[in-house]
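Trainee: Please take one part of this structure and go through it closely with me. I would like to see how its pieces relate to one another, and then what lies elsewhere.

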Amino acid sequence: MATTTDAIIIGAGVHGASLAYHLARRGMRPTVIERASFGAGATGRSSGLVRMHYDVEGDAALAWASFRIFRDWPEIVGGECGFTRTGFLKFVPPAFHDALRANVAMHQRLGIPSLLIGADDVRRLAPGIAVDDATIAAFEPESGYADPTATTAGFLSAARAMGAHLVQGHAVTAVTTKGGRVTGVRTNGDAYAAPIVVDAAGAWAGQVAAMVGLELPLQVWRHDVAYIRRPAGSPTTHPTVIDDAEAMYFRPEGHDLTLVALEDGNEIGDFSPERETATTAPGFSERVADRLTRRLPMMADGTLHSAHSGQDGITPDQHAIIGPAGPDSFYLDCGYSGTGFKIAPAVGESLAELICEGRNTTTVDLAPFRLARFAEGRPIVGEHAYEAIWR
Ligand SMILES: Cc1cc2nc3c(=O)[nH]c(=O)nc-3n(C[C@H](O)[C@H](O)[C@H](O)COP(=O)(O)OP(=O)(O)OC[C@H]3O[C@@H](n4cnc5c(N)ncnc54)[C@H](O)[C@@H]3O)c2cc1C
């Protein structure tokens, strides 16, 4: 006999957890079903950057709405999400300086604390960072990073306190439908009846969507991350940086490590989301060392602490797929393309409103993220676009 629940969320990554929390806040008692354990997918490997700088207004709006939840986490969700304010710098190659100016203006219109600064300001803010005199950067004084596993655990624990359920170690193997609408799911253990089913299965989301006959334009993206121990005597922190000029990002981790990863050389394809993530691509550490020491010369004396890989689902325009698709009351919450952590709080809030009210009136409009944009030939592109982040 099937267990009856208000909604099924497939996948307990940060997106499934955020949605469970926001549905529970609206009085629903959803069940999150996870094949392994919470955070076992992209979320548990995420670098956790929390910044608002995007070249697409919808992303910036979601990141800004999320930021306030990260910042005020203890009062809103309870407990800790590990939010650490470091300040954030965005560098782009000179060909994109006009786009940087335009995007900072767009962020300021949204109310995001962001400003354009020059080389001298960068040197004052972060004495260790090497810039030439022509450099300009976007600076977000409030941004930083958070702990993705703690964020997910926090959402799940608050959701459970409001009546949500978490089932771990059970994979959804079928989504059931009747008369064109979803009726529940079957797992490798049990069956559940629910009027709403949400696919938040990360890099596996295409497999779940196929259970209702939907084909998603989704591939697997693999991304390597290194932790470098800063040399003795170097500053105990530095800003979080996205450096498109060096195709790299980095942030402090604790007091003596720097997390660093590259925007190029990330494998994208139809390989298995189950691949091991303990190892990185050949030559990765050498490429990291090369670029990091150009921007942070003090790291020439740094030592490699550790490195790992991670995988996320990626779409052709490197933007998420969110909203209803396929049978009635089936929703997609996937395709986060390597940048989905920082927007998860607001996506959960917006999707919960869409599910409960049928539209976004008090939350960020999710319509631009609909699956149909690909068939319509209307991919998401910024008005003042940079190069695609993953290349
Ligand atoms: C190395 C790395 C670094 C990143 N850095 C950043 C960053 O700095 N900032 C940022 O914003 N984003 C970053 N991202 C992206 C971000 O982490 C992801 O977009 C986000 O975590 C995706 O969350 P999710 O819940 O959609 O997917 P996931 O975390 O992958 O969760 C999906 C879950 O679904 C489960 N599942 C799959 N199939 C089934 C099934 N049939 N039944 C039940 N459960 C199932 C999986 O086990 C998994 O736990 C990074 C990603 C990686 C990999």
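Mentor: In this predicted model, strand β16 (residues 240-243) and strand β17 (residues 248-253) pair in the antiparallel sense over three bridges.

β16 has another partner, strand β6 (residues 88-91), and here the pairing is parallel, over four bridges. Asp243 in β16 is the bridge partner of Phe91.

Now look at the side chains of β16. Thr240 and Ile242 point one way, while Val241 and Asp243 point the other way.

For contrast, consider an open sheet of three strands, in the order β4-β9-β5, with antiparallel pairing. β4 (49-50) and β5 (84-85) stand at the edges with a single partner strand each, so one side of each has no neighbour in the sheet. β5 and β9 (residues 144-145) pair over two bridges, and Gly144 in β9 is the bridge partner of Arg85.

A helix can be read in a similar way. Eleven of the twelve residues of α1 are buried, so the rest of the structure largely encloses this helix. The buried residues include Val14, His15, Tyr21 and His22. At 1.5 Å a residue, α1 should span 16 Å, and its end C-alpha atoms are 16 Å apart, which agrees. Just after α1, Gly27 takes a positive phi of about 95°.

Last, the ligand. It is surrounded by 39 residues, and the closest are Glu34, Thr43, Val172, Asp312 and Lys342. One oxygen atom of the ligand is 2.6 Å from an N or O atom in the side chain of Thr43. A polar backbone atom of Ser47 is 3.0 Å from a nitrogen atom of the ligand. The protein covers 98% of the 1000 Å² of accessible area that the ligand has on its own. Among the elements that give two or more residues to the shell around the ligand is α1.

Key. Residues are numbered from 1 along each chain as its sequence is written. This is a predicted model: local features need pLDDT of at least 70, side-chain atom pairs count only at pLDDT 80 or more; totals for chains, interfaces and linings use all residues. Side-chain values use heavy atoms; hydrogens and water are left out. A residue is near a molecule or strand if one of its heavy atoms lies within 4 Å of it. A polar contact is a pair of N or O atoms within 3.5 Å; within protein, one must be able to donate a hydrogen and the other to accept it, and residues adjacent in sequence count only if both atoms are side-chain atoms. Accessible areas come from the Shrake-Rupley method with a 1.4 Å probe; for residues, only the protein chains shown count as cover. Two strands pair if DSSP finds at least two bridges between them. The expected span of a helix is 1.5 Å times one less than its number of residues. Buried means under 20% relative accessible area, exposed over 50%, partly exposed in between (1.4 Å probe, protein chains only).
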